[in-house]
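Subject: Structure handover, with notes on salt bridges

Hi,

Here is the structure I promised to pass on to you.

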Amino acid sequence: MFDRIRISPSILSSDFMNLEKEVASCEAAGADWLHVDVMDGHFVPNLTIGVPVEAQLKKIAHLPLDVHLMISNPLVQLPWFLECEPDVATIHWEALDATDPDSQAREAIRLMHEAGTRAGIALKPDTPVDCLRETIAQWDMVLVMSVFPGFSGQSYLPESADRVGEVARLAEEAGAAPLIQVDGGMNAQTVRFVAARGADVIVVGNGFFKAPDRAEAAKSIRAAAEAAQDVRGR
């Protein structure tokens, strides 16, 4: 269930003092999306950006905004971010009310779809993939975290490839084909493992922004992912 590879640089690893220039460099390097990490200091132990910065990014970016909401109370705050018209918005399963997460998930999907935004759901590395069994067919994208969320520059967790495969199988069983995104420690070496199992949206932080040649970094990561897809059969 392979789709074309999309490279989504994470601006969390960029130079925030020159954000407009950094966004332009993503476009020039051939990126497909722009990944925006929103952290509230509660759901994850870090604080990044909020609605005002997302709104400004929407004005200057020519790439689709891929907004990853690492926030508590997503149903309360989600409408604020949807007003900025992101192309994709992703919330965390773990942030939903544990008493009835499926109901909350469906409400979040409704809000996102009514706003014209693709609906994404993210899973931490220790969250069972099977939690999505009841709603997998309604999500446009599933984000498999290959590190624990909160900080950039972490190392890829090897078990993430198996988790991508689990998401792909669960979706296939439901007759669905959501995009599968992976975020954490992605580079031209690690991307091969997840792309071979079904990942088609690759979030790249330091592997892109710290590279001496960003265009070459994006090109090599895309090529490695596509080669892995070809081995398994698109």
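What follows is a short tour of the salt bridges.

Please keep in mind that this is a predicted model. There are 10 salt bridges in the structure, and I picked out a few for you.

Let me start with Arg-214 and Glu-22, whose side chains form a salt bridge with an N to O distance of 2.7 Å. This pair connects distant parts of the chain, 192 residues apart: Arg-214 belongs to helix α8 (residues 214-232), and Glu-22 to helix α1 (residues 19-28). Are the two partners buried or exposed? Arg-214 counts as buried because its relative accessible area of 19% is under the 20% cut-off. Glu-22 is buried as well, at 10%.

Helix α8 also holds Arg-222, which forms a salt bridge with Asp-32, with 2.9 Å between the closest N and O atoms.

The last one is between Arg-197 and Asp-162, at 2.8 Å from N to O. Arg-197 sits in the loop between α6 (191-195) and β8 (201-204), while Asp-162 is in helix α5 (residues 160-173), 35 residues apart.

Methods: Residues numbered from 1 in each chain as written. Predicted model: local features only at pLDDT ≥ 70, side-chain atom pairs only at ≥ 80, totals over all residues. Heavy atoms only, no water. Salt bridge = Lys/Arg side-chain N within 4 Å of Asp/Glu carboxyl O. Helix = DSSP H or I, 4+ residues; strand = E, 2+ residues; numbered from the N terminus. Buried < 20%, exposed > 50% of the residue type's maximum accessible area, 1.4 Å probe, protein only.
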